[in-house]
Amino acid sequence: MARRFEGEYVNPLLSSGIRRDGYTQDELKANVNWQFSAVTQVQVLAGYVRRNYEVFSNRDSSGPNGRVTVRWAPLNKVKFTVDGWRNFAAVESAIVSNSLNTGGSVAATWSISSKLQANASLRRERREFEELRTAVNDRDLTDRTRGATLGLTYAPTLSSQLSLSGFRDNRDGNSVLRTSSYRAKGLSFNASVQF
């Protein structure tokens, strides 16, 4: 899989005297789907990303991207999904050029009956930011996010669904990067009809 993005900023960095600033981003990835057994599937999407700016080349960055997903259905009514990732991501900042995001998630789905399904998931991610070559900073440039969800889905008919889910998220932010710490929890209800 190969992709190229071309970006142009609507409001470039006028304070620098530069009236034009944009970037190109190239990605090259391989996507592998492996039917390991009747109850286990493995998917790997991995590759390399490079972003180059028209101006201020000290913001140029590149790195590996990769995600592994394992789906395991040992029983007809219970299914598990495990994800792990190590992704490079460009960051728009005057201090850092990119982040290396590593994390994982675990999700489970239980078909309680033909009309009722329960699901739960846990997720953790750590972002490690890389300083620009012109920046000077000795502090830790990382943040961490954790999340959990729990939900029920009821399908009274083949074409309708009612869903209720609760979530809890929190992030240990970084004051230097202004990625604020937060704690959030909530409840959502969704109804859908297909026709």
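**Salt bridges and a nonpolar patch**

Glu27 and Arg3 are joined by a salt bridge between their side chains, with 2.9 Å from N to O; a salt bridge here is a side-chain nitrogen of Lys or Arg within 4 Å of a carboxyl oxygen of Asp or Glu. This pair links distant parts of the chain, since Glu27 is in strand E2 (residues 22-35) and Arg3 in strand E1 (residues 2-8), 24 residues apart. Strands are DSSP runs of at least two residues, marked E and numbered from the N terminus. The model is predicted: local features need pLDDT of at least 70, side-chain atom pairs count only at pLDDT 80 or more, and totals for chains, interfaces and linings use all residues. Residues are numbered from 1 along each chain as its sequence is written, and side-chain values use heavy atoms, with hydrogens and water left out.

Glu27 counts as buried at 9% relative accessibility, whereas Arg3 counts as partly exposed at 42%. Buried means under 20% relative accessible area, exposed over 50%, and partly exposed in between (1.4 Å probe, protein chains only).

How many salt bridges does a search of the whole structure find? The search finds eight. One of them is formed by Asp143 and Arg127, whose closest N and O atoms are 2.6 Å apart. Asp143 lies in strand E8 (residues 142-157) and Arg127 in strand E7, so this pair ties together parts that are 16 residues apart in sequence. Asp143 is buried, at 0% relative accessibility, and Arg127 is partly exposed, at 22%. Arg146 and Asp172 also meet in a salt bridge (3.1 Å, N to O). Here Arg146 in strand E8 is linked to Asp172 in strand E9, 26 residues away.

Strand E9 also holds Arg171. This residue is buried yet has no salt bridge; Asp143, the nearest side chain of opposite charge, is 4.4 Å away (Lys and Arg count as positive, Asp and Glu as negative; His and the chain ends are not counted). The side chain of Arg171 does reach the backbone oxygen of Ser180, at 2.9 Å.

Strands E9 (160-172) and E10 (182-193) each supply at least two residues of the patch.

How values were computed:
Helices (H or I, at least four residues) and strands (E, at least two) are DSSP runs, numbered from the N terminus. A polar contact is a pair of N or O atoms within 3.5 Å; within protein, one must be able to donate a hydrogen and the other to accept it, and residues adjacent in sequence count only if both atoms are side-chain atoms.
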